[in-house]
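Please walk me through this model in the viewer. Tell me what to select at each stop and what I will find there.

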Amino acid sequence: MTAQHQTNEQVIHSITDTLLSLLKTQMMEEIRIVDLVRLAGVSRNSFYRNFKDKDDVLRHYISEVTDIWYQKVNRDFLSHKKDYQFFVPLLHYLHEHRDLASILIRNGKLILLKEEFDRRALIRLNGVEDPWYFAYVSGGVFSVYRRWAETGYEKTPEEIAEHLFKSVWH
């Protein structure tokens with residue numbers, strides 16, 4: 001890896017960490033790019049070389065978190081129909097990142113997570129016989145997660161999966 005590449009990764013990491021930190025106490029619209037880059041210790045040019053806007057920073061982070069999860073489970077949840085044993089670990093992982101969901105919900109940006117679910121589903125559509133199923137699964141998983149997050153994670157991942165197994169997947 002080149003020094004320039006490492007530096008760019010550090011810039012991206014610094015911007016992302018700084019934005020996430022600011023979003024714990026401020027609303028997205030209150031955060032100005034000039035303040036973000038100053039606190040991140042990078043230039044405006046560095047910001048715009050890597051991101052279009054603050055939403056793009058969040059998209060990058062959501063994608064990064066999703067990539068880590070995919071590597072961890074070494075499977076794609078959209079390729080497994082009615083898989084209770086796969087849905088439970090997914091819910092556990094999403095629960096681990098509930099601070100991100102709180103930030104997204106509070107700022108009206110949960111749609112960015114939906115975009116990531118859809119993007120992952122579209123990747124799977126290449127050569128798939130039933131693209132409607134994958135659209136259904138992506139939307140369904142997102143809706144279940146949104147409801148769970150908005151209700152304060154009242155149920156355990158196992159309870160949610162069991163309910164879905166009995167009522168939807170039977």
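Predicted model: local features only at pLDDT ≥ 70, side-chain atom pairs only at ≥ 80, totals over all residues.

**Stop one: Asn50.** Select helix α3, residues 44-50; Asn50 lies in this helix. Buried or exposed, which is Asn50? Its relative accessibility is 19%, so Asn50 counts as buried, the cut-off for buried being under 20%. Now show side chains. The side chain of Asn50 makes a polar contact of 3.0 Å with the side chain of Asn8. Turn next to Ser46. Its backbone oxygen sits 2.7 Å from a polar atom of the Asn50 side chain. Then display the surroundings. Leaving out residues up to four places away in sequence, Asn50 touches Asn8, Val11, Ile12 and Asp56.

**Stop two: Asp118.** Move to helix α7, residues 111-125, and pick Asp118. Asp118 has 28% relative accessibility and therefore counts as partly exposed. The side chains of Asp118 and Lys114 are joined by a polar contact of 2.6 Å. How far apart in space are Asp118 and Ala135, C-alpha to C-alpha? The distance is 7.3 Å, although 17 residues separate Asp118 and Ala135 in sequence.

**Stop three: Tyr153.** Go to the loop between α8 (131-150) and α9 (157-169), where Tyr153 is found. Check the backbone of Tyr153. Phi is near 55°, a positive value in a residue other than glycine.

Note on methods. Residues numbered from 1 in each chain as written. Heavy atoms only, no water. Helix = DSSP H or I, 4+ residues; strand = E, 2+ residues; numbered from the N terminus. Buried < 20%, exposed > 50% of the residue type's maximum accessible area, 1.4 Å probe, protein only. Polar contact = N/O pair within 3.5 Å; in protein donor to acceptor, adjacent residues only side chain to side chain. Contact = heavy atoms within 4.5 Å.
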